[in-house]
Structure formats: C-alpha cells, structure tokens
Amino acid sequence: MPSFDIVSKVDAQTLDNAINNAKKEILNRYDFNGSKSTVDLDKKTNVIKIVTEDDMRLKAITDSIISRMMKQSLDPKSLDFGKEFQSSGNMITKEITVKEGLDKEAAKKVVAKIKASGLKVQPSIMDDQVRVTAKKIDDLQAVISLCRGEDFGQPLQFINMRN
C-alpha cells in the first residue's frame with residue numbers, strides 16, 4: 001500500500017549557515033560597534049544561545065536570525081523562544097531551542113485533521129512522525145495538500161513516499 005511520513009526536521013548544516021550569516025551581519029552593523037554580543041549554536045542539543053547588553057540588541061539579533069533562516073528556506077516556526085534572563089553584570093542571555101521532530105500534541109492535531117477530512121487514509125503516530133497509508137496515491141496527495149494549507153505550529157515535511 002502507498003504511504004508517506006509527515007515529519008518536522010531542520011537541516012543542521014543549513015541552520016549552521018543561517019546562524020553564521022547572522023553573526024557576520026551583526027559584527028558588521030554600526031549599532032553593534034564595540035558590543036560584547038555573542039551568538040552560539042550548540043549542534044548537539046540544537047540550542048542557540050544569545051548573550052548581549054540590552055533588549056534592543058537582543059531583538060535585533062533575533063530578527064537577524066529569523067531573516068537569515070528565511071533566506072536559507074528554513075521555517076522560523078521551528079524555533080522555540082525561551083525566556084531571557086540576566087547573566088553576569090549587565091548582560092542578557094536568551095536560549096532559543098530548535099524544535100526537532102513532531103511533538104505529541106502536533107501529531108495528534110495532524111491525525112485529527114486528516115481523519116476529519118473524510119479521505120480514505122489511515123494516519124498513525126510513530127514516535128516523532130506521522131505515517132499515512134492509503135490504497136491510492138491520489139488520496140495521499142490530497143492529504144499533503146490538506147496539511148500544507150493548515151498551520152500546526154511546526155513546519156512539516158513529507159518524506160518517504162512509497163508505492
């Protein structure tokens with residue numbers, strides 16, 4: 001039976017390129033001249049750590065990261081903006097988590113939306129992905145277009161289309 005998987009993944013190399021481009025942009029900006037701002041990406045835990053002096057610079061850095069991600073065709077919905085907190089001295093630290101995989105709530109929303117559509121398909125949750133099977137490929141393509149038109153709070157990719 002034909003099937004495909006619905007996942008939410010971020011390409012690590014593309015994310016690294018976007019962060020490096022944002023760092024270069026921040027270093028070259030006049031309003032960051034003499035600033036002690038840093039942006040670091042921890043590739044193992046997928047956390048972006050921003051350390052800067054004030055809220056204005058923090059907002060400029062996050063805007064730069066989002067714009068660079070969009071230019072690299074990464075969806076900024078995959079970022080989970082955490083709380084900002086004071087670190088040593090007058091520095092502000094913010095950690096942004098990169099969401100990897102579909103969480104349970106988003107997977108349940110996807111399955112509920114597919115079941116409510118009335119298409120003859122069988123969605124099932126498998127760890128951090130949703131597998132959809134059907135008798136006809138046309139039904140699977142209808143599910144893909146249905147999911148693309150809906151916002152589930154995370155970017156979705158459709159992989160492993162099999163006959």
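Predicted model: local features only at pLDDT ≥ 70, side-chain atom pairs only at ≥ 80, totals over all residues.
Strand β1 is joined to strand β7 (residues 129-134) by 4 bridges, and the two strands run antiparallel. Within the pairing, D5 stands opposite R131 of β7. β1 also pairs with strand β8 (residues 157-162), again in the antiparallel sense and over 4 bridges. There the bridge partner of D5 is I159.

The whole sheet can now be laid out. It is an open sheet of 4 strands in the order β6-β7-β1-β8, with antiparallel pairing. Its edge strands are β6 (121-126) and β8, each of which pairs on one side only. On average, neighbouring strands are turned by 20 degrees against each other, if direction is ignored. β6 and β7 are linked in the antiparallel sense over 6 bridges, and in this pairing M126 stands opposite Q129 of β7.

Two helices accompany the sheet. Helix α3 (residues 104-116) lies across β1, β6 and β7, and runs at about 175 degrees to β6. Helix α4 (residues 137-148) packs on the sheet as well, where it touches β1, β6, β7 and β8. The direction of α4 makes about 175 degrees with that of β8.

Is strand β1 enclosed by the rest of the structure or left open? Of the 5 residues of β1 (residues 3-7), 5 are buried, so the strand is largely enclosed by the rest of the structure. In a regular strand the side chains alternate between the two faces of the sheet. In β1, S3, D5 and V7 lie on one side and F4 and I6 on the other; all are buried, and both faces are covered.

The next step is to look at the division of the protein. Domain 1 covers 3-8 + 102-162, and domain 2 covers 12-98. The C-alpha centres of the two domains lie 32 Å apart.

What lies inside? In soluble globular proteins, nonpolar side chains tend to be buried together. Here the largest nonpolar core has 21 residues, and those with the most contacts inside it are L15, I48 and I65. At least two residues of this core come from each of α1 (12-28), β2 (38-42), β3 (47-52), α2 (55-71) and β5 (92-98). A second, separate core has 19 residues, including L102, A107, V143 and L156.

Leaving out residues up to four places away in sequence, I48 touches I19, V39, D40, L41, I65, L79, K94, E95, I96 and V98.

D16 is in helix α1. Its relative accessibility is 13%, so D16 counts as buried. The side chain of D16 makes a polar contact with the side chain of K43 at 3.4 Å. Apart from neighbours within four places in sequence, D16 is in contact with L41 and K43.

K71 is found in helix α2. Is K71 buried or exposed? With 63% relative accessibility, K71 counts as exposed. K71 and T133 are 62 residues apart in sequence, and their C-alpha atoms are 34 Å apart in space.

Technical notes. Residues numbered from 1 in each chain as written. Heavy atoms only, no water. Core = buried A, V, L, I, M, F, W, Y, C linked by side-chain atoms within 4.5 Å. Buried < 20%, exposed > 50% of the residue type's maximum accessible area, 1.4 Å probe, protein only. Contact = heavy atoms within 4.5 Å. Pairing = 2+ DSSP bridges. Domains from an automatic or database assignment. Axes fitted to C-alpha atoms, helices over the stretch in contact; angles between N-to-C directions. Polar contact = N/O pair within 3.5 Å; in protein donor to acceptor, adjacent residues only side chain to side chain.
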